Amino acid sequence: MLKKVKIAMDKNQLRPFFQPIVDLKSKKIIKYEALIRLIDKDKVISPFFFLDICKKSKLYPEITKLVINKSIKFIQKNKIGVSINLSYQDIIDSSTLNYILLTLKNYHEIAPFITFEILESDEIENYEQIYSFINNVKKYGSKIAIDDFGSGYSNFTELFKMKPDIVKIDGSLIKNIHIDENSKNIVESIVHLTSKSNIQTIAEFVDKEEVHDIVTMLGITYGQGYLYSEPKDLLKEQSLESDSSLYSLNLSNESNK
């Protein structure tokens, strides 16, 4: 798999696909999330099958840098924001950290279009490093999102210390919210707490109109999921304007995937 990833990088077959994040009230796309994919002939391979393996190799920092570089090109072309996923490993790696900060400095006009999504997980050993990273990137106008919040144990104390701009509510709570009262109650609590601190929220895994309606009613700011669009190879496409659904979503006509 590592050999396949290396070959894909050399042939530009390892690249981010982009999935829209939608304002739930206006149903308009406000930005995209960059999601790494491996193109193998006619197949698109999810990072589930290769990213953890790459984290144990020297390829992983290069993948992060590749996503950042491609995302900047996407922003320059389309003048729209992009969310980029970072792991704790990215933040504590001096080479990756220096690359991020130098990139923000060199592309200071692009920096406000970038949101860094940090996974709040048990692997974080030193939150001071996270706080330092957040302070540094915010100096350039970039935003911070906490990813997969609500999955398993979520540390509300550390959340409010990090002072993120956005909290992404984990898909495990969202996907069945229309039939699971417990999930609905938990999400409602998260929205209540974050709104008190002026933190915006994103509902992941929105794949049904019923789910869209409930998360909108609960006051969640944005939605993301296959109801709106699957991740697409938009760098390969001519223009975002070629897909009218990217600007005016007709939810009743979207297939539930």
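Buried residues have under 20% relative accessible area, exposed residues over 50%, and partly exposed residues lie in between (1.4 Å probe, protein chains only).

## Basis of the description

The structure is a predicted model, in which local features need pLDDT of at least 70, side-chain atom pairs count only at pLDDT 80 or more, and totals for chains, interfaces and linings use all residues. Residues are numbered from 1 along each chain as its sequence is written, and side-chain values use heavy atoms, with hydrogens and water left out.

## Overall form

The chain contains 10 helices and nine strands. Here helices (H or I, at least four residues) and strands (E, at least two) are DSSP runs, numbered from the N terminus. The radius of gyration of the chain is 18 Å, close to the 18 Å that the globule rule gives for 257 residues, so the chain is as compact as a globular protein of that length. This radius is taken over C-alpha atoms, and the globule rule is 2.2 Å times the number of residues to the power 0.38. The C-alpha trace spans about 45 × 45 × 35 Å along its principal axes.

Of the 257 residues, 50% count as buried. A contact means heavy atoms within 4.5 Å. Among contacts between residues at least 6 apart in sequence, 67% join residues at least 24 apart. The accessible surface of the chain comes to about 12,800 Å², and 49% of this surface belongs to carbon and sulfur atoms. Accessible areas come from the Shrake-Rupley method with a 1.4 Å probe; for residues, only the protein chains shown count as cover.

A salt bridge is a side-chain nitrogen of Lys or Arg within 4 Å of a carboxyl oxygen of Asp or Glu. The structure holds nine salt bridges. In one of them, the side chains of Lys168 and Glu117 meet at 3.2 Å, N to O. Lys168 lies in strand S7 (residues 166-169) and Glu117 in strand S5, so this pair ties together parts that are 51 residues apart in sequence. Lys168 is buried, with a relative accessible area of 0%, and Glu117 is buried at 1%.

Lys168 also meets the side chain of Glu204 in a salt bridge (3.4 Å, N to O). Glu204 lies in the loop between strand S8 (200-203) and helix H10 (209-217), and Lys168 in strand S7, so the pair ties together parts that are 36 residues apart in sequence. Both Glu204 and Lys168 are buried. Salt bridges that share partners join Glu33, Glu117, Lys168 and Glu204 into one network.

The side chains of Asp165 and Lys138 meet in a salt bridge of 3.7 Å, N to O. Asp165 lies in the loop between helix H7 (156-162) and S7, and Lys138 in helix H6 (residues 127-138), so the pair ties together parts that are 27 residues apart in sequence. Asp165 is partly exposed at 25% relative accessible area, and Lys138 is partly exposed at 29%.

The C-alpha atom of Lys138 is separated by 8.7 Å from that of Pro112, although the two residues are 26 residues apart along the chain. Pro112 is found in the loop between helix H5 (94-106) and strand S5 (114-119), and Pro112 is partly exposed, with a relative accessible area of 40%. Leaving aside its neighbours within four places in sequence, Pro112 is in contact with Tyr140, Gly141, Ser142 and Lys143.

## Aromatic pairs

Rings of Phe, Tyr and Trp (its six-membered ring) pair if their centres lie within 6.5 Å; planes under 30 degrees apart count as stacked, over 60 as edge-to-face and the rest as tilted. The whole structure has five aromatic pairs. Phe18 and Phe74 form a stacked pair, with 4.0 Å centre to centre and 10° between the planes. Phe18 lies in strand S1 (residues 14-23) and Phe74 in helix H3 (residues 59-78), so the pair ties together parts that are 56 residues apart in sequence. Phe18 is buried, with a relative accessible area of 1%, and Phe74 is buried, with a value of 0%.

The rings of Tyr127 and Tyr131 have their centres 6.3 Å apart and their planes at 35°, so this pair is tilted. Tyr127 and Tyr131 are four residues apart in helix H6 and are therefore separated by about one helical turn. Both Tyr127 and Tyr131 are buried. Ring pairs also link Phe18, Tyr32 and Phe74 into a cluster.
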